[in-house]
Amino acid sequence: MIEVKNIEKSFGETKVLKGISTVFEKGKTNLVIGQSGSGKTVFLKCLLGLFYPEKGTISYDGKIYSNLTANEKATLRSEIGMVFQGSALFDSMTIEENVMFPLRMFTNQSVAEMQERVDFVLNRVNLPNAHKKFPSEASGGMQKRVAIARAIVNKPKYLFCDEPNSGLDPRTAIVIDNLIQEITDEYQMTTVINSHDMNSVMEIGEKIVFLQHGLKAWEGSKNNIFRTDNEAVTDFVYSSELFKKVKRMYMEENQ
Amino acid sequence: MKTLIFKDIDDLVIGSLGIVAFISFFVGGVVTIQTALNISNPLIPKYLVGFATRQSVILEFAPTFISIIMAGKVGSFITSSIGSMRVTEQIDALEVMGINAVNYLVFPKFIAMLLYPFVISIAMFLGVLGGMAACIYGGFSTLEDYITGVQMDFIPFHLTYAMIKTTVFAIILATIPSYHGFYMKGGALEVGKASTTSFVWTSVVIILSNYILTQMLLS
C-alpha cells in the first residue's frame with residue numbers, strides 16, 4: 001500500500017502539486033488521470049523518489065520514504081518496477097539482456113536461474129521468441145511488453161506505469177492494460193498507472209484519482225466515474241463523441 | 001561493470017586506432033616535408049629534419065592535436081550516447097532501479113580512457129614513421145640522416161611530459177563530454193547541440209591545460 005499525505009511540489013515560482021492526499025491499495029490497479037499539465041508525471045516522479053516534495057509524506061507499507069536511510073531507500077527501489085512512457089529499454093542490450101538487467105544488478109542468482117526467470121516473464125508477456133532481438137527491432141507494443149517484463153522480473157511490490165498505452169493502437173492498448181491488471185492480481189502488487197486514456201479507465205480503473213491544476217479533484221472507481229457530478233471529471237471523461245454517446249446509452253439504460 | 005569497461009575500451013580506444021593511425025602517419029609526413037622544404041641554408045645539416053619531426057610529433061602533434069581530434073570523435077560519441085539515454089528516459093530507468101547512473105555510465109568511460117596514452121604512443125610512433133617514409137620517398141634526406149636526427153639529443157623527460165599531458169587530456173575527454181550528455185535537457189535536436197557544445201568546451205579545456213602544463217613542466 002502506498003499512502004500519500006498532502007504532498008506539495010514546486011519548480012521555481014510554479015506550484016505543480018498543491019497538497020495531494022490519497023491511498024493506493026495493494027493488489028489494485030490505481031489510475032492517476034488528468035489533462036496534460038495537471039501534474040500527473042510530477043506526482044508519479046514524487047512517488048518514485050525522483051523528485052522530493054517540499055511538503056507532505058509518501059509511505060510505502062507504512063514506511064515514510066523521506067525518513068528512510070540511503071540503504072533502505074536502495075532496498076525499496078529494488079522492490080519497484082517502472083514502465084516508462086517510451087519504454088526506456090537499453091538500446092545497447094538485447095531484449096533478453098534488458099529483462100535480465102535488474103536480476104544482474106540486485107540478485108546473486110546464477111546465470112541459469114536468471115535465464116529461467118527471464119524465459120518465464122517473457123513467456124508471461126507473450127514474447128517467447130524475442131530474446132535475441134534488440135529494442136530497435138521490436139514494435140511499440142512489443143517494447144511495452146518487454147518494459148513490463150523488465151519491471152516485473154524481480155517480483156516487485158510496487159509497479160508504476162507512465163502512460164503505458166501512448167503510441168499504441170486501441171487493440172494493443174487493451175492487451176497491455178489487461179496484462180498489467182493480470183500481473184497486478186497475480187503478484188498482488190500495488191500498481192499506479194498514469195494515464196489520460198479513457199479506455200484504460202474503463203478497462204482497469206479499480207481506483208481512479210483525477211488531478212486538475214495540481215490538486216486532487218476527484219477519486220473513485222470506474223463504476224462511479226459515470227455517475228459523478230464533478231464538472232472537471234465529466235468535462236475530461238466526456239470530451240470525445242464516443243464517450244458522450246456511451247454516457248447517453250448508460251443513462252437511457254438506467255432510467 | 002567489467003563488461004561495460006571492456007565495451008567502452010572497444011568503443012573509445014580500439015575504435016579510435018584506425019583514424020589516429022591514418023592521421024598520425026600522414027601528418028608526420030607533412031611535418032617532415034615542410035621542415036625539409038624550409039631548410040634552404042646548405043649549412044644546416046639534413047638530419048635536423050628527423051630531429052624537428054620527432055620533437056613536433058612527441059611534444060605537440062601526438063598529445064595535443066590528436067586529443068583535439070578525439071574531442072570530436074570520442075567526445076561527441078560519449079555526449080550523444082549518454083544524451084540519447086537521457087532523452088529516452090533510460091537514465092531515469094537506471095535511477096528508479098536505484099542504480100547510480102553517473103557511476104554506471106561515466107566510470108567505465110573514465111577507466112577506458114586511462115588507456116588513451118597507449119593510443120598516443122601509437123600516434124607518436126606512426127608520426128615519426130610517416131615522416132621517415134615522406135623523407136625517403138620525397139628525397140629530402142637519407143634514411144641514415146633521418147634516423148640520426150630522430151635519435152639526436154633525445155631528452156626522456158619530453159616523453160614523460162607528453163604522457164602527463166596525455167593522461168590529463170584523457171580525463172578531460174572522459175568527463176566533459178559525459179557531463180554535457182548527462183545533464184542535457186530536451187530532445188534529439190538538443191542531443192546534437194550538446195555534442196557540439198561538448199566538443200567546443202573539451203577543445204578549449206585541452207588547449208588551456210596544454211598551455212598550463214607546458215608552462216609548469218617545461219619552462
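Modeller: pLDDT is the predictor's confidence in each residue, from 0 to 100. This is a predicted model, with ipTM 0.78 and pTM 0.79.

Biologist: Which element of chain B has the highest mean pLDDT?

Modeller: Chain B averages a pLDDT of 90, and 100% of its residues score at least 70. Among the elements of chain B, the lowest mean, 87, belongs to helix H4 (residues 90-96) of chain B. The highest, 93, belongs to helix H8 (residues 156-182) of chain B.

Biologist: Is strand S7 (residues 158-162) of chain A mostly covered or mostly uncovered?

Modeller: A residue is buried if 20 or more other C-beta atoms lie within 10 Å of its own. Tyr158(A), Phe160(A) and Asp162(A) point one way from S7(A), Leu159(A) and Cys161(A) point the other way, and all are buried. With five of its five residues buried, S7(A) is mostly covered.

Biologist: Which residue of S7(A) is the bridge partner of Met82(A)?

Modeller: Strand S6 (residues 80-83) of chain A runs parallel to S7(A), and four bridges join the two. In S7(A), the partner of Met82(A) is Phe160(A).

Biologist: Which residue of S8(A) is the bridge partner of Phe160(A)?

Modeller: S7(A) also runs parallel to strand S8 (residues 190-195) of chain A, and five bridges join them. In S8(A), the partner of Phe160(A) is Val192(A).

Conventions: Residues are numbered from 1 along each chain as its sequence is written. Chains are lettered from A and ligands numbered from 1 in the order in which they are written. This is a predicted model: local features need pLDDT of at least 70, side-chain atom pairs count only at pLDDT 80 or more; totals for chains, interfaces and linings use all residues. A residue is buried if 20 or more other C-beta atoms lie within 10 Å of its own, exposed if 12 or fewer, and partly exposed in between; C-beta atoms are placed from the backbone. Two strands pair if DSSP finds at least two bridges between them.
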